[in-house]
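Trainee: I'm new to this one. Could you walk me through how to read it?

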Amino acid sequence: MLWSEVLESLGARQLVEGADFEVQSVAAADLLSDILATDKEQFMILTGQISPQAIRTALTVGALGVVVVRGKQPPPETVGLAQNYGVPLAVTDLKMFEACVAVGARLWSSASSKNSSTV
Amino acid sequence: MEFSFVEELVHRLKVFQAMDKEVVTVQPDQTMRHAQQVMREARVSGMPVVEHDMMVGIVTIEDIIKALDHGHTDEPVRAWMTRDVVTVEARWPLSRAMSLFERTRFGRLPVMDEDCLLAGVITPESILRALLVELNRLLAQDEEREAARASVDGGALRLEFDVAGGDFDRAGLASVRLKRELASRGIDPTIARRVAIATHEAETNLIIHSSHGGRIVADLEADSIRLVVTDDGPGIEDIDRALTPGFSTASDFVRNLGFGAGMGLPNIRRCADHFEIKSRPGYGTRLNVRFELRGPSPEE
């Protein structure tokens with residue numbers, strides 16, 4: 001699914017915009033250490049962390065975009081860092097579980113429409 | 001008098017870097033009432049009047065008030081606009097536009113490109129915004145540059161990072177800097193990612209646990225990348241436990257920042273091709289990590 005569809009499904013507000021891109025997977029965690037341990041490719045981050053570390057972690061693991069849950073407003077340092085490095089950043093009012101469900105539903109429906117095989 | 005940093009900045013930045021490119025305009029034969037509506041919707045206090053791509057004047061909120069006073073709001077913009085417009089050129093330094101604002105007290109100035117076509121509008125607010133964005137960018141660059149000392153010896157690149165204990169604001173700087181350096185040298189992105197993750201974890205460990213900070217030395221050699229991470233204490237009591245996923249001695253404060261989950265060392269080991277750790281309580285810890293550069297190497 002596309003990043004723009006992710007934002008739509010989450011009703012997210014964009015703080016740092018970027019060109020649209022394909023999202024194949026999501027790393028959802030408040031622990032940045034857990035995100036650093038992911039093997040995912042072509043993925044975005046859902047997190048409750050709003051410190052600049054969230055952006056640096058995204059850069060380290062090559063995550064394509066970051067959505068902050070629970071409507072938390074990232075401080076200017078975080079937004080500035082995302083801007084400088086071109087990391088798309090958005091905020092959703094949904095809580096982590098609801099956000100995962102919303103993105104997951106869209107992600108799996110778009111995956112199954114492309115690939116009809118079932119598990 | 002010495003030029004200040006800001007003076008230098010407003011001289012280096014050009015008008016086109018600070019202007020708003022999306023400009024609301026009116027045509028000269030549209031009515032003043034229409035102009036008023038456009039201005040209200042766009043929340044601007046003045047706008048260029050454009051005919052066949054050429055700017056022929058400017059109409060401001062004051063012109064509209066004048067027209068209203070005389071009950072002429074149905075008249076065309078052409079009749080009330082200012083024809084003698086002060087403009088700035090896109091290539092001018094910001095300083096020149098700023099002194100023009102100071103002199104004229106205008107709230108906005110149309111920007112003309114080399115072909116004398118309207119390229120945008122510049123306002124004191126858009127100048128301020130451009131300055132802030134540029135300052136931010138410079139700050140990030142400086143921070144990154146300061147984070148590392150780079151040296152090249154016989155084709156091998158060495159990056160050295162001094163990491164201060166407790167300085168969470170800088171966690172990840174070394175990692176991001178190193179990753180960018182590897183990318184610019186054509187290192188396979190999947191390897192660069194593993195190196196960056198290991199560096200990020202090592203950096204975070206130094207920040208959380210070390211008594212006096214530590215050092216990360218990254219060597220990029222022909223067939224491998226080596227990381228050596230050292231600190232002078234406190235040392236690890238039980239290395240086997242430290243390598244157990246989930247084992248952590250980090251404080252709640254650190255955990256609230258999203259770190260200290262007990263995944264650091266296991267994650268470094270997972271990413272690396274070769275992993276060695278030596279530690280002595282009271283003396284310090286030394287981490288030796290290597291990544292093989294398999295596959296087609298960048299052409300020499």
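Mentor: Let's start with salt bridges: a search of the whole structure turns up 18 of them over all chains. The term means a side-chain nitrogen of Lys or Arg within 4 Å of a carboxyl oxygen of Asp or Glu. Keep in mind that this is a predicted model, where local features need pLDDT of at least 70 and side-chain atom pairs count only at pLDDT 80 or more, while totals for chains, interfaces and linings use all residues. Residues are numbered from 1 along each chain as its sequence is written, chains are lettered from A and ligands numbered from 1 in the order in which they are written, and side-chain values use heavy atoms, leaving out hydrogens and water.

Trainee: Which residue does Lys66(B) meet in a salt bridge?

Mentor: The general idea is that side chains of opposite charge can pair when their charged atoms come close. Here Lys66(B) meets Asp63(B), at 4.0 Å from N to O. The two are 3 residues apart in helix H4 (residues 61–69) of chain B, so about one helical turn separates them. Helices (H or I, at least four residues) and strands (E, at least two) are DSSP runs, numbered from the N terminus.

Trainee: How many salt bridges are there between chain A and chain B?

Mentor: The count is 2. Asp39(A) forms a salt bridge with Arg270(B), with the closest N and O atoms 2.6 Å apart.

Trainee: What is the area buried between chain A and chain B?

Mentor: An interface's size is often given as the accessible area lost when the parts come together. Buried area is that loss (1.4 Å probe), summed over both parts. Between chain A and chain B it is about 2000 Å², with carbon and sulfur atoms giving 47%. Leu36(A), Arg56(A) and Thr60(A) supply 30% of what chain A buries against chain B, more than any other three residues. The contact (heavy atoms within 4.5 Å) takes 23 residues from chain A and 30 residues from chain B.

Trainee: And the sheet: what is the strand order?

Mentor: In chain B, an open sheet of 3 strands runs S3-S4-S5, with mixed pairing. Two strands pair if DSSP finds at least two bridges between them. S3(B) and S4(B) (residues 109–112) pair in the parallel sense over 2 bridges.

Trainee: Why is one side of S3 and of S5 of chain B left without a neighbour in the sheet?

Mentor: Strand S3 (88–89) and strand S5 (118–122) of chain B stand at the edges, each with a single partner strand, so one side of each has no neighbour there.

How values were computed
Buried area = accessible area lost by both parts, 1.4 Å probe.
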